[in-house]
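Please keep the sequence and the coordinates at hand while reading.

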Amino acid sequence: MPKNLVIVESPAKAKTISKILGKDFLVESSIGHVRDLPENASEIPAAYKNESWARRLGVDVENDFKPLYVVPRKKKQQVTKLKQLLKGADNLFLATDEDREGESIAWHLLEVLSPRVPVKRMVFHEITPQAIQEAVENPRDLDRRLVDAQEGRRILDRLFGFEVSPVLWKKVMPGLSAGRVQSVATRMIVEREEARMRFRPASYWDVEGYFAPAGSSDDMFAAILVALDGTRVATGKDFDAHGQLVRADVTVLDQSQATSLARGLEGSSFSVTSVEQKPFKRSPYAPFITSTLQQEAGRKLNFTASRTMRAAQALYENGFITYMRTDSVTLSAGAVAMARDLAKSLYGPDYVPPEPRRYTKKSKNAQEAHEAIRPAGETFRMPDEVARQVSSDEARLYELIWKRTVASQMSDARGQSAQVRLAAAAADGRRAEFGASGKVITFPGFLKAYVEGSDDPDAALEDRDVRLPALEVGQDLRVADLQPRGHETKPPARFTEASLVKQLEEMGVGRPSTYASIIQTIQNRGYVWKKGSALVPSLTAFSVVRLLKAHFSRFVDYDFTAAMEQDLDEIAAGEEEALPWLRRFYFGNGHAGLHAMVSQRLDEIDAREVNSVSIGRDAAGIEIVARAGRYGPYIQRGEDTVSIPEDLPLDELTVEKAEELLAAPSNDRVLGEHPESGEPILLKVGRFGPYVQQGDLEEGSKVKPRTSSLFSTMEPATVTLEDALRLLSLPRVVGVDPADGEEIEALNGRYGPYLKKGKDSRSLEREEQLFTVTLDEALALFAQPKKGRGRTAAAPLKELGPDPATGADIVIKSGRFGPYVTDGTTNASLRKGQDPETMSLELAAEMLAEKRAAGPAKPRAKKTTRKKTTRKKTTAKSTAVEKPGG
């Protein structure tokens with residue numbers, strides 16, 4: 001048996017390193033973290049069940065913030081395996097990632113395994129034979145500063161989430177969560193939507209002309225009206241967000257004025273009044289770091305941040321790229337030489353500058369000592385070679401990284417820009433001046449290899465040639481056409497994943513390594529949904545942000561959050577101690593800490609106020625309000641309410657739209673009275689469809705009226721009192737099984753009609769059978785083996801084509817909970833705002849890739865009464881226990 005045990009985080013990483021190290025080393029995976037804070041009360045060991053701090057936070061705030069660490073049940077078997085392997089080893093190498101998270105995993109392994117053999121910390125930023133061999137030969141000690149920084153972050157996030165989330169449960173909606181960075185990211189998205197809601201468009205007009213030198217028919221170019229009688233013509237930048245003009249020294253044209261001017265210039269003599277030419281150059285972009293990789297993969301490949309990081313992780317663990325969580329833009333000397341050699345061989349010596357390029361990071365809170373993200377090894381493998389060994393996503397991402405790395409060491413792009421002015425007198429005597437811009441790239445340089453994407457569609461045109469003919473001052477021009485053009489200012493664009501990542505990084509909020517999980521979390525929690533690629537906040541997000549800004553403003557302040565990241569960097573560098581820092585945050589120091597703020601503010605929060613967003617007032621002066629309710633968002637005007645469509649962004653919910661929704665015919669009506677109780681039988685339409693209800697909810701009563709959904713074969717317009725009474729009679733007792741005395745019921749559930757006996761169930765084919773199925777028929781069904789709902793498969797709504805990752809055909813189908821995409825093995829529901837008709841193959845493939853990566857749904861843990869003695873180990877840093885059970 002090998003005498004050297006190497007532990008890494010993932011099985012894929014273990015497999016790659018094992019091939020490199022050979023038979024003298026046994027490489028095993030920890031499968032991520034082996035210890036963490038307890039997630040709920042059921043995870044707290046018996047020895048700590050009576051400790052209030054353990055039940056509430058998992059952190060002993062009164063005892064130097066000592067965390068209670070537990071080994072999750074799902075990790076117990078792997079920990080046992082690692083302990084067994086360690087018994088036969090002479091050396092233990094902890095080869096987890098070099099960043100804070102990796103250092104923390106290494107420390108937890110050390111605490112759990114309690115090795116009695118020499119322990120060596122093995123670090124590397126690429127998985128190549130040379131890098132791994134150097135790591136084995138040059139181990140270092142565990143860096144407790146990095147461990148302290150990660151532990152401080154974990155405790156901080158636990159304190160924030162576990163203190164603030166219950167406030168949201170009480171004042172907004174049960175099940176919500178608050179997060180130190182997630183809440184700030186949600187605030188950014190909500191505030192952008194609020195800016196869109198405040199926005200008022202302004203309209204302005206100009207004239208576009210098409211000109212050519214006199215006597216020429218080929219050298220046509222376009223020019224735009226820029227001035228009248230020496231006064232500049234207004235453009236979009238001259239208006240504010242309220243549609244008001246912000247300067248007086250411009251001329252605003254309306255449609256009639258622009259049309260009149262265009263006609264008045266027909267037949268006028270145009271000539272060139274000025275020509276300005278100047279050279280320009282552009283330098284290449286720095287190699288990728290985590291955030292820029294996420295941004296570019298979003299723009300160029302339409303990848304989400306999560307999809308990007310999954311592909312990057314796989315490329316790293318299989319030895320194709322360097323470590324993908326980095327803030328460093330530097331390249332090793334060998335990588336620089338390789339990039340320069342490749343550029344020279346592919347594009348020629350002119351495309352490589354005389355001296356290597358060096359890059360430095362200028363954004364807030366730059367950290368980590370890794371290299372930039374680049375192809376791994378001393379010889380960069382070509383993209384087509386790698387594509388034969390990896391998945392489609394990984395191949396596309398590798399090509400992006402390869403191009404960016406090579407381009408970073410190439411020559412500047414050079415060119416010539418030109419600004420031309422031409423003028424003529426209109427029929428009314430006014431002097432109209434037009435302007436045209438041109439640009440020609442004379443030497444593409446790095447653009448030959450790589451052109452960066454942009455969040456602004458107009459900016460994407462910058463790298464295209466716009467050629468103007470050779471023109472001279474005084475030269476006469478022929479007018480081919482003059483057209484008035486109308487324009488309207490645009491509201492600020494919603495964030496995409498790429499632009500949100502960029503904004504988070506620029507503001508120093510969070511860390512690039514966490515951006516993907518943050519964006520995924522705020523979508524999973526229902527705070528944000530996607531309309532195309534745009535991130536749209538829900539009304540719940542508005543409520544949460546309003547509450548946090550009004551009552552916990554300091555903790556969702558952008559500068560405060562960025563300052564906390566800086567503090568964590570200082571802890572990692574040994575310049576700050578974690579314990580005093582945590583005390584200041586939680587208990588306060590000259591200001592209220594988190595704990596006191598939650599205790600003091602809870603009773604002050606007006607739940608109705610934070611859950612309400614004013615839309616405006618109708619013609620009668622009655623306020624229209626959007627509210628977040630337990631059963632979904634709705635509009636209220638006086639006593640009138642109506643649900644807000646799930647795919648309607650709040651910035652599109654104008655007073656006019658709200659009135660339209662409120663005026664829409666409702667299917668709610670009284671069907672009659674219950675023959676026994678005299679209660680009204682009502683037909684209503686809720687967010688989950690039409691239903692009947694017996695009686696009204698009395699004010700102050702917690703007893704909800706009896707309800708029953710309509711059958712799929714029923715139309716609300718034709719439902720009678722008799723139909724309603726039959727529906728309200730469900731569930732129906734079919735009879736008792738004579739074999740065991742258990743009662744059999746007929747019910748209508750989420751997945752259709754079914755029979756229930758104890759914990760066993762059988763599906764019925766038709767809803768009408770709920771009223772007709774007999775005891776004998778029910779017993780016959782239960783006597784048969786349980787099987788899937790064997791309904792005839794419906795034709796797909798749309799066929800999209802083969803999945804780039806698996807090759808299986810992707811189709812869109814209609815399910816009980818709405819449309820979903822499937823490749824026959826994996827299903828993914830369409831998200832709010834996604835239309836089956838406009839769904840693309842690329843987006844569907846991305847959704848399925850995310851679903852596969854998430855893995856199968858976790859089964860519910862079975863309850864057990866078995867008790868097991870827990871082993872407890874206390875360190876200077878934490879309270880550590882293993883979870884009971886196995």
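Y586 is buried, its relative accessible area being 1%; buried here means under 20% relative accessible area, exposed means over 50%, and partly exposed lies in between, with a 1.4 Å probe and protein chains only. The model is a predicted one, in which local features need pLDDT of at least 70 and side-chain atom pairs count only at pLDDT 80 or more, while totals for chains, interfaces and linings use all residues. Residues are numbered from 1 along each chain as its sequence is written, and side-chain values use heavy atoms, with hydrogens and water left out.

Y586 forms an aromatic pair with F587 that is edge-to-face, at 5.1 Å centre to centre and 80° between the planes. Rings of Phe, Tyr and Trp (its six-membered ring) pair if their centres lie within 6.5 Å; planes under 30 degrees apart count as stacked, over 60 as edge-to-face and the rest as tilted. F587 has 36% relative accessibility and counts as partly exposed.

Helix α6 (residues 144–171) and helix α18 (residues 578–587) pack at an angle of about 15°, and their axes are 10 Å apart. Helices (H or I, at least four residues) and strands (E, at least two) are DSSP runs, numbered from the N terminus. Axes are lines fitted to C-alpha atoms, for helices over the stretch in contact, and angles run from 0 to 180 degrees between N-to-C directions. The two helices α6 and α18 are therefore roughly parallel to each other; angles under 35 degrees count as roughly parallel, over 145 as roughly antiparallel, 65 to 115 as roughly perpendicular and the rest as oblique. The crossing of α6 and α18 is right-handed, a crossing being left-handed if the near helix is turned anticlockwise from the far one by less than a right angle, and right-handed if clockwise. On the α6 side the contact is made by D148, G152, I155, L156, L159, F160 and E163, and on the α18 side by A578, W581, L582, F585 and Y586; contact means heavy atoms within 4.5 Å. These residues divide into 9 nonpolar, 1 polar and 2 charged, where Ala, Val, Leu, Ile, Met, Phe, Trp, Tyr, Cys and Pro count as nonpolar, Asp, Glu, Lys and Arg as charged, and the others, Gly among them, as polar.

E433 is found in strand β13 (residues 431–443) and is buried, with a relative accessible area of 18%. Not counting residues up to four places away in sequence, E433 touches I224, L225, V226, A227, R421, L422 and A423. V734 is found in strand β25 (residues 732–736) and is buried at 13% relative accessible area. Its contacts, with residues up to four places away in sequence not counted, are I744, E745, A746, L755, V773, T774, L775 and A778. The C-alpha atoms of V734 and T772 are separated by 9.1 Å, although these residues are 38 residues apart along the chain.

The peptide bond from L730 to P731 is cis, with omega near 0°, and P731 is placed in the loop between α22 (721–728) and β25. F65, in the loop between β3 (59–60) and β4, has a positive phi near 55° without being a glycine; F65 is buried, with a relative accessible area of 2%. D229 likewise is not a glycine and has a positive phi of about 50°. D229 lies in the loop between β8 (221–228) and β9 (231–233) and is partly exposed, at a relative accessible area of 47%.
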